[in-house]
Amino acid sequence: MATDTAAPSRLRRGITPPLLFLFILGDVLGAGIYALVGVLAEESGGTMWAPLLLALAMAMLTAASYAELVTKYPRAGGAAVFAQRAFRRPLVSYLVGFSMLAAGVTSAAGLSIAFAGDYLATFVDVPAVVAAPVFLVLLALLNARGIKESVRSNVVMTVVEVSGLVLVIVAVAVAVGGGQGDAGRILQTPPGVSAGAAVLGGALIAFYSFVGFEVSANVAEEVQDVSRVYPRALFGALLVAGVVYALVGIGSAVIMEPGELAGSSSPLLDVVEATGVGVPAWAFSAIALVAVANGALLTMIMASRLAYGMADEGLLPAPLTRVLPHRRTPWVAIVVTTAIAVALTLVGDLAVLAETVVMLLLLVFISTNLAVLVLRRDRVEHEHFRTPVVLPVLALVSCAVLLTQQSARVWAFGGVLLAVGVVTHVVVRHRVRA
């Protein structure tokens, strides 16, 4: 019988139920939806709301596995800790954690480049090679100050980015009330594309907008009353995000021809302008900057806590477990993950890296869904969430379907990253034995 989950944490339990809900909601909403609608319009036409709902259902399947494992083993480290408990193979556990780290740090680097791009240029012209690293350093300072301060900042940023999406919905409602738009477009698919193909093709894209909930597993050790609070916050945040996404998709299709919206790099701004409500372009740029900053902050919190948790389990060097005496935040892990993210911003073209993030997370999700099945016979002494067995099985199927859609180029790049992980693992274990 496992009883170690009752041990006191060295991290401060500063995340309250409302803060956890907003933490997850802010990371799920993120910056993706502000650019996603144009791609969805190209893939699914006016039915773009349907793949968003399908992607929500897929995400909820894996979220159920996270809800069980996080409440059963509430320790920083997330999927890597689950894999170590389930499979008892250091290499497997390490690669799961390494995949999360690679995905998280790469995602943060990409978001910092996005932050330093055209949105920032609306207000101040600073070279991206300067702005992106400075942005990451500022996030690191906030992260090191404390988890409560970080998630409180997330509250403000989440409210702003949600307000931007609500603004789109309200603007469309006002326009439709004035006689604009065509509700019949929500059933239109692209020319020559069947309804089924439009929905499935769009779901493969829409799924990216729901990843981010897994980040919350890495702050479980800092959540108050995690067994009761975590499942409610997780499912509640995903449902709210899904409803907002669906309404944005429906509103976009009603107010604009999908063909005109397809491929737009600023689709929601196009939608708002089409309503004639008159929202200034700079206002939407500001909202987008906040959304990007929020996603980057939460991703860096995840990466640092994951590095700390893996080191605590002996999967990474022990110095990564060092915490600030008064703040009780993992400062070495924060410094290391930030340095790697800064280095990645210097690569330049992160398009393939962004696609690889999705592939790496799908591999992590497969591990987590298998772990929840393997660990069913492991008992703990405290109450925890328990998911029906059929849900992780269906989640495994959905992950496999999405992986088959990845290109050979992404698989090759992901393979190189995993090979780097294997080499790093061998070196670390050799030094430990020495």
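Me: What does "buried" mean here, and is R185 buried or exposed in this predicted model?
Reply: A residue is called buried when its relative accessible area is under 20%, and exposed when that area is over 50%. In this predicted model, R185 is found in the loop between α8 (147-177) and α9 (195-206). Because its relative accessible area is 9%, which falls under the cut-off of 20%, R185 is buried.

Me: Why does the distance between the ends of helix α10 agree with its number of residues?
Reply: Helix α10 covers residues 226-255, which is 30 residues, and at 1.5 Å a residue these should span 44 Å.

Me: How many of the residues of α10 are buried, and is Y245 buried or exposed?
Reply: Helix α10 is mostly covered, with 21 of its 30 residues buried. Y245 lies in this helix, and its relative accessible area is 0%, which is under the 20% cut-off, so Y245 is buried.

Me: Which residue has a backbone oxygen that the side chain of Y245 reaches?
Reply: Not counting residues up to four places away in sequence, Y245 touches V28, L29, I33, L52, S209 and F210. The side chain of Y245 reaches a backbone oxygen at 3.0 Å, and the residue that carries this oxygen is V28.

Me: Is R88 buried or exposed?
Reply: R88 lies in the loop between α4 (79-87) and α5, and its phi is near 55 degrees, a positive value in a residue other than glycine. Because its relative accessible area is 63%, which is over the cut-off of 50%, R88 is exposed.

Me: How far apart in space are V126 and A116, C-alpha to C-alpha?
Reply: V126 is found in the loop between α6 (118-121) and α7, where it counts as partly exposed at 29% relative accessibility. Leaving aside its neighbours within four places in sequence, V126 is in contact with A116 and A131. V126 and A116 are ten residues apart in sequence, and their C-alpha atoms are separated in space by 7.5 Å.

Me: Which helices are included in what covers the buried residues of α14?
Reply: Helix α14 (residues 331-345) has 15 residues and reaches 21 Å from its first C-alpha to its last, close to the 21 Å expected. Its buried residues are V332, A333, I334, T337, T338, A341, L344 and T345. What covers these buried residues includes α5 (90-115), α7 (128-145) and α13 (281-312).

Me: Which helix gives the largest share of the lining of the second largest pocket?
Reply: The second largest pocket has a volume of about 440 Å³, and it is lined by 20 residues, of which F98, L101, A102, V105 and I340 lie nearest its centre. Helices α5, α14 and α17 (408-433) each supply at least two residues of the lining. The largest share, six residues, comes from α5.

How values were computed
Residues are numbered from 1 along each chain as its sequence is written. This is a predicted model: local features need pLDDT of at least 70, side-chain atom pairs count only at pLDDT 80 or more; totals for chains, interfaces and linings use all residues. Side-chain values use heavy atoms; hydrogens and water are left out. Helices (H or I, at least four residues) and strands (E, at least two) are DSSP runs, numbered from the N terminus. The expected span of a helix is 1.5 Å times one less than its number of residues. Buried means under 20% relative accessible area, exposed over 50%, partly exposed in between (1.4 Å probe, protein chains only). Contact means heavy atoms within 4.5 Å. On a 1 Å grid over the protein atoms alone, a cavity is a set of points where a 1.4 Å probe fits but cannot get out, and a pocket is an open set with protein on both sides within 12 Å along at least five of seven lines; lining residues have an atom within 4 Å of a point. Grid points are joined across faces, edges and corners, and a volume is the space filled by probe spheres set on the points. A polar contact is a pair of N or O atoms within 3.5 Å; within protein, one must be able to donate a hydrogen and the other to accept it, and residues adjacent in sequence count only if both atoms are side-chain atoms.
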